[in-house]
Amino acid sequence: MASQYSSDRAWIRTRILTNHLLSFSSQSVSPLESNVCLSYSPPELHESCSFDTNEMRKLLDMHNIEDRDWLFGLMRQSKVFNPQEKGGRVYVSPDYNQSMEQQREMTMKRIAYLLERGVFDGWLTGKGLESEMKKFALFEVLGIFDHSLAIKLGVHFFLWGGAIQFFGTKRHHDKWLRDTETYAIKGCFAMSELGHGSNVRGIETVTVYDSNTREFVINTPCESAQKYWIGGAANHATHTIVFSQLNINGTNQGVHAFIAQIRDADGNICPNIRVADCGHKIGLNGVDNGRIWFDNVRIPRENLLNSVADVSSDGQYLSAIKDSDQVVILERFAAFLAPLTSGRVTIAVSSIYTSKIGLATAIRYSLTRRAFSVTPNGPEVLLLDYPSHQRRLLPLLAKTYAMSFAGNYLKMIYWNRTPESNKTLHVISSAFKATLTWHNMRTLQECREACGGQGLKTENRVGQLKSEFDVQTTFEGDNNVLMQQVSKALLAEYVAAHKKKKPFNSLGLEHMNGPLPTIPSHLTSTVLRSTQFQIDAFCLRERDLLNRFAAEVSERQANGESKEYAFISSYQLAEDLGRAFSDRTILQTFIDTEATVSVGPLKNVLSLLRSMYALICLEEDAAFLRYGYISTENAAAVRKELTKLCSELRPHALALVSSLGIPDAFLSPIAYNWIDANSWSSIKR
C-alpha cells in the first residue's frame, strides 16, 4: 500500500510539472527588465547631530583619548592584525576561521609586535596615577580588537604581574617585574582547580616547608587538585603563581601564593611538572588554557609571596595577623585576594566596550537597511524607524551609556584605593562585574538578532563576540556567587549599623539614614523623568529589600538554621537585593556625570538616556510590582513613557553610536556599505 501511494504521488507531481512547463513555453515571454537595486546611503547624509560627539566621547572614555587613538592607529598599520578590505573600507579583526593552534600563534605575534613598539612600557614598573590610567586605556583598546589578546595580556600583566606587585615585597619586585614587562619571562596564574573554581578557600594543592633544604614543596595530592583553566599554561608560560594551602609543622595556615617555574627558556616542561591542554573552546581560542600537576615540586623559600605572611629559614610561620584561629585565617585570605580586584574591574569595563561594538554595528545597520513598506508601492522603511526596532536597541544603548559611567567610577575607586576602601572596592567591583557582563551577553544577542542573517557572519563580529565574551560571566568569580557576596556585605553593614545604633556610612547606603522615600500615586511624564523620582524609586527598592532580607535571615536563624544556611536559603531576596544595589549605584554615577555637564544639547540628550536607563530598569525588575512599590497603573505609565523616550532618542541614534569611540576599522562591513561588501565584485577582489 505504501509503495502504491508513493507511485501515485510521483505520477501526479510529474503531470502537474509537465503541464506547467508546456503552458509556460507556449506563452510569449518578454525579456526581464533590469531592476533598480537598493542603494546604500550613508546615514550621515540624512541623520542630524544636535550635540558635540567629541565631548560625549570624553565623558564615556574619560581618560587618555590620544593614547587610545595612537594604539588604534598602530594596529591598523600592521598585517599582523589581519586587515581585510570590504566595500571600499579596511577592517581589522581576528580570523576566527583559523585553527586553535593558529589563533594562539597569532596572539603571540601580536604581543611581539606591540612589545617592540613600546605599548607595554611602564605597565608594571611605572609609578603614579598617570601610568596606571594609560595602562588601562591601552588595555581597553586591545580588548576592542580581540578578547584573546586582552586575556593573554591580562593574565600576564594583571594576574601574574599584579600578584607579584601586591603579594610580593621588594625582593620579588626587583627580580620579576622588569622581566615580566619585557616578556623575558611569561607568567600565568594558577588559582582555579578542577574541583574548586569560585571556592578558592577550598583548593586542595598543598605546600609544605622543608627546613633542611630551606625549600617549599608543592604537591597536587589528587585529581581534583589539578590547576585548571590556567591561561598561558598549555603552551607559552615559563612561570606561574601557585595558590596553595600552606602546611607548617602539621598546621594548615590557609591559602598562600608561591612562584614556581614550569618551563625553561626553550619551552621545555620542568621536572616534576605535568601540563595538559584544556582543548578547544566555544571562544577565546587564542588563549592557551592548560592544566598543571605538581609532583612534589621544590622551590626556594624566597618564592613565597610574603607581603602578608612569611616563613623563616628555620620553618617558623610569621604573619602580620598574629592569631591562628579560623577567623584570622579567613582575614588573611581576604587580604591576599583584595588587590586582585583589578581582574573584575577590567572585565566589567571591557564588557561595556564589547556592548558598544555590538550596538554601533546594529544601529548603523538599522539606519541603512530597509524592510517592507507601509503603503502600497511605497518605499521600504528603515529598520530603526520601526518602533519595535527602537524598543529592542535604544534601551540597551541607554544602559550601555549608564554602565560606561559606572565603569569609570569603578576605575576611579580602584586607582584611589586604600586599605580602608578595599571593602567598598570588593563589593562594587563584584556587583558591576556581574551586572555589566550579563548586560553584555544580552546586548550582543539582541544585536545579533537585529542584524538578521548578517549577524551570523563571523566578519560582522556581533555573533562571534557572543562566544568570545561568554566566559566573562563565570571567570574571576561566577556572577551569581559575586552577587550573593554583594548581598552578604550589605547584610553585614545592616547588622553592624543596628547593633551599634549608628547611621550607615558606606557602600552608598547613607540613604537608609533618611526618611523612607515615597512614590506618587499618579506618575506623570514629568515625574517619571525627574531625577528625584528615579533615585527615590531605586533607593526605596534597595532599602525595603535589605530590610526584608535581614528579617528573613533572622527569622530562619531563630528557627534553628545556621547563619550560613539561613543566608543560602534566602537566595531569592539576596538576588533581588544585589540587583537593586547595582542598579542604584549605576544610576547615581549617571546622575553625577550628568551634573558635570553645562546646560545645553549634550545635557539634554544625557537626560533622555538617564531617564531611559532608570525606567527600563524599573520595568524589567518584577520587584517593583511584586513588593508594591508601584501600582499596575503606574507600571503601564512607565511602559508608555519608554515608548516616548524611544521616539525622542531616535533622532540622536547615529550621534550616540558615533560618540562611543569605536573607529570604523574595528566595526564591521554591515556597519557601513553592506551592499558593496556583499557584491559580486567584492568576491572577485
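User: Which residues have the most contacts inside the largest nonpolar core?
Analyst: In this predicted model, those residues are Met-56, Leu-114, Phe-120, Ile-241 and Ile-363, within a core of 194 residues.

User: And which helix gives the most to this core?
Analyst: Helix α10, spanning residues 387-415, gives the most, with 14 residues.

User: What is Met-56 in contact with, leaving aside its neighbours within four places in sequence?
Analyst: Met-56 is in contact with Phe-51, Tyr-401, Leu-602, Val-605, Leu-606, Leu-656 and Ser-659.

User: Changing topic to strand β10: why is it described as largely enclosed by the rest of the structure?
Analyst: The strand covers residues 289-294, and five of its six residues are buried, so the rest of the structure largely encloses it.

User: How many bridges join β10 to β6, and how many to β9?
Analyst: Strand β6 (residues 227-231) is joined to β10 by three bridges, in an antiparallel arrangement. Strand β9 (residues 273-277) also pairs with β10 in the antiparallel sense, over five bridges.

User: Which residues of β10 are the partners of Gly-231 and Ala-276?
Analyst: Gly-231 has Asn-289 as its bridge partner, while Ala-276 stands opposite Arg-291.

User: Now Glu-493. Where is it, and is it buried or exposed?
Analyst: Glu-493 lies in helix α13, residues 479-500. Its relative accessibility is 13%, which is under the 20% cut-off, so Glu-493 counts as buried.

User: What does its side chain make a polar contact with?
Analyst: The partner is the side chain of Ser-506, at 2.8 Å.

User: Which other residues does Glu-493 touch?
Analyst: Not counting residues up to four places away in sequence, Glu-493 touches Lys-423, Phe-504, Leu-507 and Leu-509, along with Ser-506.

Terms used: Residues are numbered from 1 along each chain as its sequence is written. This is a predicted model: local features need pLDDT of at least 70, side-chain atom pairs count only at pLDDT 80 or more; totals for chains, interfaces and linings use all residues. Side-chain values use heavy atoms; hydrogens and water are left out. Helices (H or I, at least four residues) and strands (E, at least two) are DSSP runs, numbered from the N terminus. Buried means under 20% relative accessible area, exposed over 50%, partly exposed in between (1.4 Å probe, protein chains only). A polar contact is a pair of N or O atoms within 3.5 Å; within protein, one must be able to donate a hydrogen and the other to accept it, and residues adjacent in sequence count only if both atoms are side-chain atoms. Contact means heavy atoms within 4.5 Å. Two strands pair if DSSP finds at least two bridges between them. A nonpolar core is a set of buried Ala, Val, Leu, Ile, Met, Phe, Trp, Tyr and Cys residues joined through side-chain atoms within 4.5 Å.
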